[in-house]
Amino acid sequence: MASMPTDHRDWYDTPLYYDIIFDGDTPREAAFLEEVWACYGPRSRTRKLLEPACGSGRLVLEMARRGWKVSGFDGNERMLQFARERLSKEGLQALLWSDWMQSFHLPKTEPYDLAHCLVSTFKYLLTEADAVAFLQRIAACLKPGGVFALGLHLSDYSKGKEEHERWVAQRDDIHVVCNTHTWAPNRKTRLEDLRTRLKITHAGRSHLQETRWQFRTYDARQVKALLGQVPELHLAACYDFTYNIHEPRELDDSYADIVLILVRE
């Protein structure tokens, strides 16, 4: 039997398939963000929100539905166009533009109440300088008491093992299987290699799509050291990816997927 051809391309260039995989978590993430704002946010009625690296706009759309005044940026124009089209279909608006996390510039606007960057997107910043620059820019765009929810996957340098995750999702007649392989993190370089393979079946035809990239690695100590360089942001709480507002966690290495709740001083 002939093997299925593989298309080597950035999965961010195919926003529909990316969106199908991740959209199932959108309502739960949005509800958690609103709970975070209620528990830790400023006493404000403006409900202004910023999403760096907003991707396909799944959370942009959901938060706009919930009455937030949403802004967002991303480095991939295809993702932004997908996000704009889905907003237009529902008669909703958001301010979206092309930009990069470490060097973004805001349009002229008042400070934000809430910002968020979930599912490890932050780890695309491969140097300490870029990570610090991003956090400083986030702090500068929040009003005093404003909140930033930052999600990332911690690395266990002692295991030296590869990891594999698999998701399956469907929308209409499009079926997507996502397999992500993560190689062991390198403590010296602070980098880990990843590969994602999507098997897309549409109208009875299937093809494979593969993306490879690197993430910067963090353990709990390294996260704390990074936050120490941005005193404008105070660590108010930690959670995991169950997004249970009633179950805060310690910032330690006992679990991998963390959400930092950072409050602008």
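Colleague: How many salt bridges does a search of the whole structure find?
Modeller: The search finds 17 salt bridges. Each is a side-chain nitrogen of Lys or Arg within 4 Å of a carboxyl oxygen of Asp or Glu. This is a predicted model, where local features need pLDDT of at least 70, side-chain atom pairs count only at pLDDT 80 or more, and totals for chains, interfaces and linings use all residues. Residues are numbered from 1 along each chain as its sequence is written, and side-chain values use heavy atoms, with hydrogens and water left out.

Colleague: What makes R47 and E34 a salt bridge?
Modeller: Their N to O distance is 3.3 Å. The cut-off is within 4 Å, so the pair counts. R47 and E34 link distant parts of the chain, 13 residues apart. R47 sits in the loop between helix 2 (26-40) and strand 2 (48-52), and E34 is in helix 2.

Colleague: Why is R47 called partly exposed?
Modeller: R47 has a relative accessible area of 21%. Buried means under 20%, exposed over 50%, and partly exposed in between (1.4 Å probe, protein chains only). R47 therefore counts as partly exposed. E34 is also at 21% relative accessibility, so E34 gets that label too.

Colleague: Which residues are linked with R47 in a network of salt bridges?
Modeller: The network links R47 with E34, E62, R65, R66 and E90.

Colleague: How do you know that R84 and E77 form a salt bridge?
Modeller: Their closest N and O atoms are 2.8 Å apart. That is within the limit, so R84 and E77 qualify. R84 is at 30% relative accessibility and counts as partly exposed. E77 is at 42% and counts as partly exposed.

Colleague: Is K123 buried or exposed?
Modeller: K123 is buried, with a relative accessible area of 0%. Its salt-bridge partner is E192, at 2.9 Å from N to O. This pair links distant parts of the chain, 69 residues apart. E192 lies in strand 9 (residues 191-202), while K123 is in the loop between strand 5 (112-117) and helix 5 (128-141). E192 has a relative accessible area of 4%, so E192 is buried.

Colleague: Why is the pair of W11 and Y18 called edge-to-face?
Modeller: Their planes stand at 85° and their ring centres are 5.1 Å apart. Rings of Phe, Tyr and Trp (its six-membered ring) pair if their centres lie within 6.5 Å; planes under 30 degrees apart are stacked, over 60 edge-to-face, the rest tilted. W11 and Y18 are therefore edge-to-face. Both W11 and Y18 are buried.

Colleague: What makes W213 and F215 edge-to-face?
Modeller: The angle between their planes is 75°, and the centres are 5.9 Å apart. W213 is buried at 14% relative accessibility. F215 is buried at 8%.

Colleague: How many aromatic pairs does the count come to?
Modeller: The count comes to 21 aromatic pairs. Ring pairs also link a cluster of W11, Y12, Y18, F22, Y124, W167, W213 and F215.

Colleague: Why is helix 1 called largely enclosed?
Modeller: Helix 1 (residues 15-22) has 7 of its 8 residues buried, so the rest of the structure largely encloses it. Among the buried ones are Y17, Y18 and F22. Helices here are DSSP runs (H or I, at least four residues), and strands are runs of E, at least two; both are numbered from the N terminus.
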